[in-house]
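Biologist: Please walk me through this model. I will ask, you answer.

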Amino acid sequence: MKKILNLTVIITIITAGLLFSGCDKENVSSSDSIKYGTSFGMCAGYCNNELTVKQSGVQLIRRKNGGPETKTCQKSLTEEQWKQIIDKIDFAKFSKLNAVYGCPDCADGGAEWIEIQRGQTKHKVTFEYHGEPEALKGYIADLRQQMASFEDCK
């Protein structure tokens with residue numbers, strides 16, 4: 001009887017581990033957000049761009065250098081587009097990246113950044129324009145494509 005009880009406990013623990021192992025998955029979930037931006041400090045016009053991607057949609061805010069002017073544009077995002085972006089992100093790996101790579105916007109070369117929020121945790125990585133760390137190459141093209149899709153927000 002004792003062996004059956006021990007076996008039952010072991011099976012219960014293993015089953016619980018299998019059922020809840022998804023809770024530890026380090027990917028971005030549908031309630032989180034991804035922000036991506038570009039900036040050029042010595043540029044005239046709308047040179048600071050911030051894209052916010054959530055399951056509910058995408059928003060682009062363009063800020064003018066030297067003034068308070070902003071332009072805001074929004075669009076919906078299909079479930080497939082959202083899934084395509086978040087499925088590529090491993091938050092555990094992303095959160096271990098350095099905060100800064102290279103010399104962003106030095107000599108007006110421009111800067112890019114990605115900030116991912118998962119629950120209450122945020123991590124932001126800034127890097128030279130088109131000089132992303134290797135770990136970001138898997139999904140930065142999707143974010144750049146999302147930003148480029150706002151052609152009417154100029």
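Biologist: Which element gives the most to the lining of the largest pocket?
Modeller: This is a predicted model. The elements that give two or more residues to that lining are β1, β2, β3 and α4. The top contributor gives three residues, and that is α4.

Biologist: Which residues are closest to the centre of the largest pocket?
Modeller: The pocket has a volume of about 280 Å³. Its lining counts 17 residues. Those closest to the centre are T38, N49, Y129, M147 and A148.

Biologist: How many residues of that lining are charged?
Modeller: The lining divides into three classes. Nine residues are nonpolar and three are polar. The charged ones number five.

Biologist: Which residues touch the most other members of the largest nonpolar core?
Modeller: In soluble globular proteins, nonpolar side chains tend to be buried together. Here the largest nonpolar core holds 26 residues. Elements giving two or more residues to this core include β1 (33–39), β6 (111–118) and α4 (140–148). The members with the most partners are I34, V53, F94 and I114.

Biologist: Which residues does I34 touch, leaving out those up to four places away in sequence?
Modeller: Contact here means heavy atoms within 4.5 Å. I34 then touches L51, T52, V53, W82, I85, I86, I89, I114, E115, I116 and L143.

Biologist: What percentage of contacts between residues at least 6 apart join residues at least 24 apart?
Modeller: The protein has four helices and seven strands. From the N terminus, their order is α-β-β-β-β-α-α-β-β-β-α. For those contacts, the share is 55%.

Key. Residues are numbered from 1 along each chain as its sequence is written. This is a predicted model: local features need pLDDT of at least 70, side-chain atom pairs count only at pLDDT 80 or more; totals for chains, interfaces and linings use all residues. Side-chain values use heavy atoms; hydrogens and water are left out. A nonpolar core is a set of buried Ala, Val, Leu, Ile, Met, Phe, Trp, Tyr and Cys residues joined through side-chain atoms within 4.5 Å. Buried means under 20% relative accessible area, exposed over 50%, partly exposed in between (1.4 Å probe, protein chains only). On a 1 Å grid over the protein atoms alone, a cavity is a set of points where a 1.4 Å probe fits but cannot get out, and a pocket is an open set with protein on both sides within 12 Å along at least five of seven lines; lining residues have an atom within 4 Å of a point. Grid points are joined across faces, edges and corners, and a volume is the space filled by probe spheres set on the points. Ala, Val, Leu, Ile, Met, Phe, Trp, Tyr, Cys and Pro count as nonpolar, Asp, Glu, Lys and Arg as charged, and the others, Gly among them, as polar.
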